[in-house]
Amino acid sequence: MALRIPFAHSIVATTEDYWHLRDIGASLAYHARQVSDTLATRAGIASLCITLGMWIASIVIALAVVRRGKVVHSFIALSACLGPFIVAVAVIVMGSEATRYLQPWAFLPFLALTVLPGVEFAARGISRRILAWLPARESIGTLRAAGVVGAAIFLGVVCALTMPRINATVSVVDADLRCVTDWVDASGRTGAGLFWTMRAPKAYAADPRQIVQVDDQLHAGSWLANRHDAVNAQVTFFITDADSYPFSFPDASPAGTMDVISCGRYAIHDFYPVVAPLKPAER
């Protein structure tokens, strides 16, 4: 937050966009529901047990490492056990419902294993045993060659196992998305939608400029958007989905009618020839 201050004029999102003290209760309730939902499945229970167990282990390791008095090792161990806790508290205090910010719980505790007392000595002992099996003069080169070959085999196996699934996934045609892009392409006109709603249609439209990002007050979007798309844009339809905020739609015609084209999870609200008056971006 402090580092944002000197760059505030270049950052669209303000500090207030991330700091919502009034939403602490809502954030706590949201994350409690997430934990509850996770506990509803066996896989979720196993995941939380592993995560919590590893975090407790990182605390034990940190206490042992700190007693040894090694500064670098102590810093790593304390980061491993305190990092997840600090992140969790910060997310709740900031009133955030962005679960992705809790990702350090998945990897930071494991960092403590790298400074586990005895690991360093065990690693040296294993290295000495491996080197003892090889001719002294050729040991380093042989190990390097073996490492390269092993890595190549590992990557080959991973690619062989994952590429068919990845290829099948990316080859699937999203019928709802195709419905929207086909309609937009054929219309030759410009429409608008909220950030999360219009991202996919905009990405797959023949001319991405035909879909403009706006907020629910019809301000031109400024978050991860090309602001030039909104310049002189003649918006004659909105794209919505189940999560869209309600727009204040203009009267579609003198008769007050408006066409709604259903595209599965999307809906296109066409009010041509009326043009929605877009407002400039707030920042």
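In which helix is Leu 78 found? Leu 78 is found in helix H3, where helices (H or I, at least four residues) and strands (E, at least two) are DSSP runs numbered from the N terminus. The structure is a predicted model, in which local features need pLDDT of at least 70, side-chain atom pairs count only at pLDDT 80 or more, and totals for chains, interfaces and linings use all residues. Residues are numbered from 1 along each chain as its sequence is written, and side-chain values use heavy atoms, with hydrogens and water left out.

The protein chain contains eight helices and five strands. Their order from the N terminus is α-α-α-α-α-α-α-β-α-β-β-β-β. The average pLDDT (the predictor's confidence in each residue, from 0 to 100) is 84 for the protein chain, and 87% of the residues score at least 70. Where pLDDT is low, the predicted coordinates should not be read in detail.

Of the 283 residues, 28% count as buried; buried means under 20% relative accessible area, exposed over 50%, and partly exposed in between (1.4 Å probe, protein chains only). The accessible surface of the protein chain is about 18,400 Å² (Shrake-Rupley method, 1.4 Å probe; for residues, only the protein chains shown count as cover). Carbon and sulfur atoms account for 66% of this surface.

Helix H2 (residues 42-68) has 27 residues and spans 39 Å from its first C-alpha to its last. This is close to the 39 Å expected, a value given by 1.5 Å times one less than the number of residues. The buried residues of H2 are Gly 44, Met 54, Trp 55, Ser 58, Ile 61, Ala 62 and Val 65. Their cover includes helix H1 (24-38), H3 and helix H4 (104-111). Just after H2, Gly 69 has a positive phi of about 80°.

A nonpolar patch on the surface has about 910 Å² of accessible area together, and its members include Met 1, Trp 19, Leu 78 and Phe 85. Patches are made of residues with over 30% relative accessible area and no salt bridge, with like charges joined within 9 Å and nonpolar side chains (Val, Leu, Ile, Met, Phe, Trp, Tyr) within 5 Å. Helix H3 (residues 71-93) gives the largest share of the nonpolar patch, six residues. Leu 78 counts as partly exposed because its relative accessibility is 36%.

In helix H7 (residues 175-187) lies Thr 181, which counts as buried because its relative accessibility is 5%. Neighbours within four places in sequence aside, Thr 181 is in contact (heavy atoms within 4.5 Å) with Pro 201, Tyr 204 and Ala 205.

The structure holds five salt bridges, each defined as a side-chain nitrogen of Lys or Arg within 4 Å of a carboxyl oxygen of Asp or Glu. One of them joins Arg 265 and Asp 176, with the closest N and O atoms 3.3 Å apart. Arg 265 lies in the loop between strand E4 (259-263) and strand E5 (266-270) and Asp 176 in helix H7, so this pair ties together parts 89 residues apart in sequence. Another salt bridge joins the side chains of Asp 270 and Arg 189 (3.1 Å, N to O). Asp 270 lies in strand E5 and Arg 189 in the loop between H7 and strand E1 (190-193), so this pair ties together parts 81 residues apart in sequence. Both Asp 270 and Arg 189 are buried.
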